[in-house]
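Work through the exercises below with the sequence and the structure open. Each task is followed by a worked solution.

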Amino acid sequence: MAATPLPPAVQGAPPQAVGNPGVVAPDGMPQPPGTDMTGICFRDQLWLNTYPLDRNLVFDYFALSPFYDWSCNNEQLRSRSIHPLDLSHLSKMTGTEYALSEVMEPHLFVIRKQKRDGPEKVTPMLTYYILDGSIYQAPQLASVFASRIGRALYHISKAFNTAASKLEKIGYADAENEESNSESITGKEAIDLKELKRVDHILATLQRKLPPAPPPPPFPEGYAPSMSEMEKDLENQRASEQPTSVDPIIDQGPAKRTKF
């Protein structure tokens, strides 16, 4: 393994990180990192300019970040000049360790923090990834679900509020249209009734001006009319004897204007 700069604690200077400086314990070793550190990012551009970022040196670069737990089994292997990711030695130990799970050199490296209780018994704890030289902590699945559900609920409630406001506007417009339509319908009905009365009056006046109907022919000899026919004849005679009314529109001629 190529030689890399010693950890800040060994050099006697406090470790520095982007957004989260390390805290040094009284015995000279930094305290273990917290559980939730998804809000910070670590990047050492000087180290990246000096050493290549590959699967052999990526753990030394990760050890410079505030995500690194100095009490892990990997650090014990580093103190004995053994590669910290050597699985043949890590499988014989118990406690907290880091393992390189996925590699896409030189852009992406995924490091998993896990607790080892035996050679085959491992419990995952946290996941970190190095993307183009920047180290991040991956959020937990529960946090991802909570964030996605909260975002979905926000957009759903916003959509319902927008739809409700638009429906209220549509309801107001429909009510106004119904009122205007009812007013126009009532106006048309009133105009139609006036015209209908006027036409009936004209037809009745014209019918009165027509000559009376000729008398019916005499009954043949030996025929006796029924009472209903006699009543109809009397009604026709009475109607013909009534005086005809004068149409105020047709028979009065041109309107006379008063002179001042």
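**Exercise 1.** Among contacts in the protein between residues at least 6 apart in sequence, what percentage join residues at least 24 apart?

Solution. The model is predicted: local features need pLDDT of at least 70, side-chain atom pairs count only at pLDDT 80 or more, and totals for chains, interfaces and linings use all residues. Residues are numbered from 1 along each chain as its sequence is written, and side-chain values use heavy atoms, with hydrogens and water left out. A contact means heavy atoms within 4.5 Å. Of the contacts between residues at least 6 apart, 46% join residues at least 24 apart.

**Exercise 2.** Classify the ring pairs F59–Y68 and F62–Y128.

Solution. Rings of Phe, Tyr and Trp (its six-membered ring) pair if their centres lie within 6.5 Å; planes under 30 degrees apart count as stacked, over 60 as edge-to-face and the rest as tilted.

- F59 and Y68 lie 5.5 Å apart, centre to centre, with 80° between the planes, which makes the pair edge-to-face.
- F62 and Y128 are 5.4 Å apart, centre to centre, at 55° between the planes, hence tilted.
- F62 belongs to helix α3 (residues 58–62) and Y128 to strand β3 (residues 122–131), so this pair ties together parts 66 residues apart in sequence.
- Both F62 and Y128 are buried (under 20% relative accessible area, 1.4 Å probe, protein chains only).

Key: Helices (H or I, at least four residues) and strands (E, at least two) are DSSP runs, numbered from the N terminus. Buried means under 20% relative accessible area, exposed over 50%, partly exposed in between (1.4 Å probe, protein chains only).
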